[in-house]
Amino acid sequence: MAELFKGFEPEAVWSYFSQICNIPRPSKKEEKIREFLLKFGNEHGLETHEDGAGNILLKKKPSPGRENDRTVILQGHMDMVCEKNSDVQHDFNADAIVPFVDGEWVKAKGTTLGADDGIGVAAMLAVLADKNIQHGPLECFFTADEETGMTGAFALEKKFLGGKVLINLDSEDEGELFIGCAGGMDTTAVLGYDKRPVPDRSKALVIRISGLKGGHSGDDIHKALGNSNKILTRILWNAMKKFEIRLSRFEGGNLRNAIPREAYAVVTVPANQVDKFKVYLKHIGQTIKEELLSNEPSLEIKAEDVSLPEFVINKSVQAKLISSLYACPNGVIAWSKEIKGLVETSTNLASVKYTEDNRIKVATSQRSSVNSAKEDIAHMVESVFSLAGARVKHGKGYPGWTPNKNSEILSITIAAYRKLFNKEPKVKAIHAGLECGLFLEKYPDMDMISFGPTIKGVHSPDERLDIASVKRFWDLLAEVLRQVH
C-alpha cells in the first residue's frame, strides 16, 4: 500500500496514513489502533499514557530553546465510520481498508476511507516523529469512540491534559478554520410487533432503494440528499392507501451519524393486485427519481418477486410504524440567525432495524448550535413515535462549542495562513459535532481551533481525500506550532 502514495507530500503523513489504513478500527473496537499508538510512543521515547476510557496521550518534549512556551495539544480520534456498499464483502473488524487513487483524490474500494480522522491521526504521528519542526511542549491526544458517542471525550478526566491551547484535526475543508460546532443527541424508538401468518393467495415482493450518495448527517444535511428510509416509507405509506399490502420486513440505514443510502422492505400483496401494484411502484418510483434527479442521479428504486416470507407483522403495528416514519421530521429544521449559511438545527432518520425479540428499532440523531432547539427537535421526534406507542429514549447528548472570535489561537492561525498562502482563510462554525464542546466543559479556559485537509463524502463509501490539500494542511499545522509561544 505504501507504493500507492509514493511521491505524495508530505511523505511522513502519507506513510502513517498508509499504516493506519491497514489497522481495523471500528468505533468501540479500537484495540488494534490503540496498541499501534502505544507501541509508537514507546519506540519514539515519548511519555505515553492511557486512561480508563482508552484515550491515548503521547507527550513530546519541546524543541531546544522553546521550554517556556505554552503547551499545545493536537487532538484527533482513533475510530472510523464503517460504511460499505451492500455488494461489497468487507469485515471492518478484520480487513484493511483498500485505498486507490482517482485523479486528485484518494478513495477506498466500496467502503469508507477512514480519512476521518485517520489523516488527522497520521499528521499527529508525523509531528511527533519530526525532528525539524520547531515547537513548544507538545501533547498529542487520541480519543476513543468519537463517531458513535464521543465516549472517550465524555470520560476525559480534568487533569489528564496539561495544555491550554488545543488544535483539533478533525475538520474536512482545507482553507477553512472552525471555531464552533453544533451539539447533538440521539433519539431511539422501539416498537414491538406480533407475527401473523401470510395471507392466503398472496405474492411477495422486495422493494429496494439504492444508489444514494449518503454522507455526514451534520456536514451534508443541508444538501437535500435522498434519505433511503424516508423514500421507502413514502412508497409504503401511499401503497397502504391503495392496496392490501402486508409488511414482513423493513431495514434501512446503519449509523446514526450517516444519511442512509440503502433500504429495503419485503411485502406481500394479494395475487389479484400484484400487476396494479407493480404499475404503482413504477409510477411513484419515477416521480421520486425525477424529484431528486439533480442531487441523486444514481438513485435506484427496484421491485423484485421473492418467495413468501415466514410471517407478516400485525396490521396495527404496520400502520403505526409506517405512519410514524412518514411523519418523522428529517433534514434541516432551522438556519442560524448569526452565521449566514450555517445550519442551526437538524435531524436525521438514520436507521430502521429488526431485532431478534420481535421489535423494530428506529434510530435518529439531532444536532443544533442552540441547546434548547436541540432538545425541542428531539422532543418533536419523541412525540411522533410516542403517538405510535413506541418506547422512546434520548441519549445523553453532547454540548456545542460556542465560537470565540477573540481567540488567540485563531489570530495565530489566520496570520500563519496568510503568510503561507497569501490569502485569507474562511473562519466558520460547523454543523457537525466535534469533541471541542466536551473539552471546553472540563477545561473552561481552553483556547481551541479546528482545521484539516479537504475530505468529501465522509461517513459514506464515497469518502475521498484531496491529495494536494494534505500538503497545505501540514504546512499550516507546522507553521502554527512554530508561532505559538
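Modeller: Let us begin with burial: buried means under 20% relative accessible area, exposed over 50%, and partly exposed in between, with a 1.4 Å probe and protein chains only. In this model, Y193 and F311 are both buried. The model is a predicted one, in which local features need pLDDT of at least 70 and side-chain atom pairs count only at pLDDT 80 or more, while totals for chains, interfaces and linings use all residues. Residues are numbered from 1 along each chain as its sequence is written, and side-chain values use heavy atoms, with hydrogens and water left out.

Colleague: How many of the 485 residues of the chain, as a percentage, count as buried?

Modeller: The share of buried residues is 58%. As for overall dimensions, the C-alpha trace spans about 85 × 50 × 40 Å along its principal axes.

Colleague: How many helices and strands does the chain have?

Modeller: Helices (H or I, at least four residues) and strands (E, at least two) are DSSP runs, numbered from the N terminus. The chain has 11 helices and 25 strands. The radius of gyration is taken over C-alpha atoms, and the globule rule is 2.2 Å times the number of residues to the power 0.38. For this chain the radius of gyration is 24 Å, close to the 23 Å from the globule rule for 485 residues, so the chain is as compact as a globular protein of that length.

Colleague: How is an aromatic pair described?

Modeller: A pair of aromatic rings is described by the distance of the centres and the angle of the planes. Rings of Phe, Tyr and Trp (its six-membered ring) pair if their centres lie within 6.5 Å; planes under 30 degrees apart count as stacked, over 60 as edge-to-face and the rest as tilted. The structure holds 16 aromatic pairs. One of them is formed by Y193 and F311, which are stacked, at 6.2 Å centre to centre and 10° between the planes. This pair links distant parts of the chain, 118 residues apart: Y193 is in the loop between β9 (183–192) and β10 (195–196), and F311 is in the loop between β16 (300–306) and β17 (312–313).

Colleague: How does Y193 pair with Y354?

Modeller: Y193 and Y354 form a tilted pair, with 5.4 Å centre to centre and 50° between the planes. Y354 belongs to strand β19 (residues 343–354) and Y193 to the loop between β9 and β10, so the pair ties together parts that are 161 residues apart in sequence. At 9% relative accessibility, Y354 counts as buried. Contact means heavy atoms within 4.5 Å. Leaving aside neighbours within four places in sequence, the residues in contact with Y354 include Y193, L247, F250 and I313.

Colleague: Which residue lies over the face of F311?

Modeller: A charge sits over a ring if NZ of Lys or CZ of Arg is within 6 Å of the ring centre and within 35 degrees of the ring normal. K195 lies over the face of F311, at 4.8 Å from the ring centre. R208 lies over the face of Y264, at 5.4 Å from the ring centre.

Colleague: How do strands of a sheet pair?

Modeller: Strands of a sheet pair through backbone hydrogen bonds, either parallel or antiparallel. Two strands pair if DSSP finds at least two bridges between them. Strand β11 (residues 202–210) runs antiparallel to strand β15 (residues 263–270), over 8 bridges, and I209 has A263 as its bridge partner in β15. β11 is also joined to β16 by 7 bridges, again antiparallel. Strand β8 (residues 176–181) pairs in the parallel sense with strand β22 (residues 426–430), over 4 bridges. In β8, 6 of the 6 residues are buried, so the strand is largely enclosed by the rest of the structure.

Colleague: Which backbone features deserve a note?

Modeller: Most residues other than glycine have a negative phi, and most peptide bonds are trans. Here, a cis peptide bond joins E9 and P10, with omega about -5°, and P10 is in the segment before α1 (11–21). The bond from D116 to D117 is cis, with omega near 5°. R201, which is not a glycine, has a positive phi of about 55°; R201 lies in the loop between β10 and β11 and, at 72% relative accessibility, counts as exposed.
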